[in-house]
Amino acid sequence: MPPRPPMEAQTFGKGAPSNYRFQYSACTGRRKALLIGINYVGQPNALRGCINDVTNMSTFLHDKYGYRREDMVILTDDQQNPMSVPNKANILRAMQWLVRDAQPNDSLFIHFSGHGGRTPDLDGDEEDGYDDVIYPVDYRTAGHIVDDDMHDIMVRPLQPGVRLTAIFDSCHSGTALDLPYVYSTQGILKEPNLAKEAAQDLFSAITSYGQGDFASVAQTAIGFLKKAALGDSARQRTVRTKTSPADVVMFSGSKDTQTSADTFQDGEARGALSWAFIKTLQQRPNQSYLQLLNSVRSELEGKYSQKPQLSCSHPLDVNLLFVM
């Protein structure tokens with residue numbers, strides 16, 4: 001069995017300042033889950049399997065990981081209670097509930113199954129020039145929810161040692177939480193390594209970001225850019241990175257440029273990622289992060305073109321045991 005995550009604070013390594021650390025979660029504290037499934041009933045491009053995904057995920061979390069029903073918020077568009085409808089206001093309110101008062105070793109979980117998309121990036125933090133978005137049931141009047149906002153609500157407030165596991169089963173969801181560390185199926189970091197590329201003043205910017213001091217972030221970033229070559233896009237991305245000392249891990253249904261399948265599995269309509277994630281952990285519960293990524297990929301390979309992604313808020317030892 002893969003080793004469990006270490007409990008002591010971890011340095012970013014590879015030349016990073018020793019005072020900037022992150023911490024894995026033991027996932028032994030309180031458990032809370034937010035599950036969102038939207039079939040867009042009666043709307044153009046309606047889906048079939050998203051509500052089923054949430055039903056199956058809630059049972060899986062309860063039976064296999066000990067999440068209590070009373071600690072789950074479920075938003076689906078087949079409910080009569082207006083507070084349980086997955087409109088934009090309810091989704092944003094539920095995201096705030098999920099992370100409120102989170103403590104080290106808590107295990108938080110968010111699952112979104114529905115439509116996702118892309119919109120032009122307005123703040124310059126996306127390498128491809130587009131933000132990822134999700135579509136609430138009332139998107140035609142209320143608009144979409146942008147990855148920047150989801151990051152600010154659910155990632156930035158978290159303390160070291162708090163786990164947030166995110167499953168985004170939607171199109172164009174590769175970086176739906178703007179987590180800067182993306183890993184390949186060989187366990188290789190795909191994105192620029194903050195620890196490798198950053199100078200001390202970049203970490204000052206990150207520390208200010210974590211404290212919500214955006215004025216200091218701007219001042220430090222401007223000072224660094226005066227010293228750096230203007231065309232050094234990797235360093236510019238590093239300045240704007242959204243790393244976190246918390247333990248945030250996301251499995252997404254596809255790359256930012258891909259769609260995710262609404263499919264039919266085990267006798268019912270399902271989202272491909274949601275189905276594969278549950279199936280592989282039921283069959284082999286003690287997998288490493290890398291094994292889990294490859295298991296999910298293997299379930300979908302040859303059936304669908306989408307390639308699920310693994311990303312994290314900090315450098316991840318992908319050979320550790322996946323816990324939540």
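Two strands are taken to pair if DSSP finds at least two bridges between them, and in this predicted model strand 3 (residues 31–37) and strand 5 pair in the parallel sense over 7 bridges.

**View 1. The protein chain as a whole.** The predicted model contains 10 helices and 14 strands in the protein chain. Of the 324 residues in the protein chain, buried residues make up 57%. Among the contacts in the protein chain with a separation of 6 or more, 72% are accounted for by residues 24 or more positions apart.

View 2. Strand 5 (residues 107–113) is largely enclosed by the rest of the structure, because 7 of its 7 residues are buried, that is, under 20% relative accessible area. Ser 107, Phe 109, His 111 and Ser 113 point one way from the strand, whereas Leu 108, Ile 110 and Phe 112 point the other way, and all are buried. The parallel pairing of strand 5 with strand 3 runs over 7 bridges, and within it Ile 36 stands opposite Phe 112 of strand 5. Strand 5 also pairs in the parallel sense with strand 9 (residues 163–169), over 7 bridges, and there His 111 stands opposite Ile 167 in strand 9.

**View 3. The contact of helix 2 with helix 4.** The axes of helix 2 (residues 88–99) and helix 4 (residues 147–154) come within 9 Å and cross at roughly 35°. Helix 2 contributes Leu 92, Met 95, Gln 96, Leu 98 and Val 99 to the contact, and helix 4 contributes Met 150, Ile 153 and Met 154. Sorted by class, the residues of the contact of helix 2 with helix 4 are 7 nonpolar and 1 polar, with no charged residues.

**View 4. The crossing of helix 9 and helix 10.** Helix 9 (residues 272–283) and helix 10 (residues 289–300) have axes that come within 9 Å and cross at roughly 120°, and the two helices are therefore oblique to each other. The crossing of helix 9 and helix 10 is right-handed. From helix 9, Ala 272, Leu 273, Trp 275, Ala 276, Phe 277, Lys 279, Thr 280, Leu 281 and Gln 283 meet Leu 292, Ser 295, Val 296, Glu 299 and Leu 300 of helix 10. The residues of this contact of helix 9 with helix 10 divide into 9 nonpolar, 3 polar and 2 charged.

**View 5. The surroundings of Gln 10.** Gln 10, which is found in strand 1 (residues 10–11), has a relative accessibility of 19% and so counts as buried. Leaving aside residues up to four places away in sequence, Gln 10 touches Tyr 20, Arg 21, Phe 22 and Tyr 24. Gln 10 and Tyr 24 are 14 residues apart in sequence, and their C-alpha atoms are 8.0 Å apart in space.

View 6. Most residues other than glycine have a negative phi. Cys 27 has a positive phi of about 55° although it is not a glycine; this residue lies in the loop between strand 2 (21–22) and strand 3, and at 4% relative accessibility Cys 27 counts as buried. Asp 178, likewise not a glycine, has a positive phi of about 55° and is found in the loop between strand 9 and strand 10. With a relative accessible area of 9%, Asp 178 is buried.

Technical notes:
Residues are numbered from 1 along each chain as its sequence is written. This is a predicted model: local features need pLDDT of at least 70, side-chain atom pairs count only at pLDDT 80 or more; totals for chains, interfaces and linings use all residues. Side-chain values use heavy atoms; hydrogens and water are left out. Axes are lines fitted to C-alpha atoms, for helices over the stretch in contact, and angles run from 0 to 180 degrees between N-to-C directions. Helices (H or I, at least four residues) and strands (E, at least two) are DSSP runs, numbered from the N terminus. Angles under 35 degrees count as roughly parallel, over 145 as roughly antiparallel, 65 to 115 as roughly perpendicular and the rest as oblique. A crossing is left-handed if the near helix is turned anticlockwise from the far one by less than a right angle, and right-handed if clockwise. Contact means heavy atoms within 4.5 Å. Ala, Val, Leu, Ile, Met, Phe, Trp, Tyr, Cys and Pro count as nonpolar, Asp, Glu, Lys and Arg as charged, and the others, Gly among them, as polar. Buried means under 20% relative accessible area, exposed over 50%, partly exposed in between (1.4 Å probe, protein chains only).
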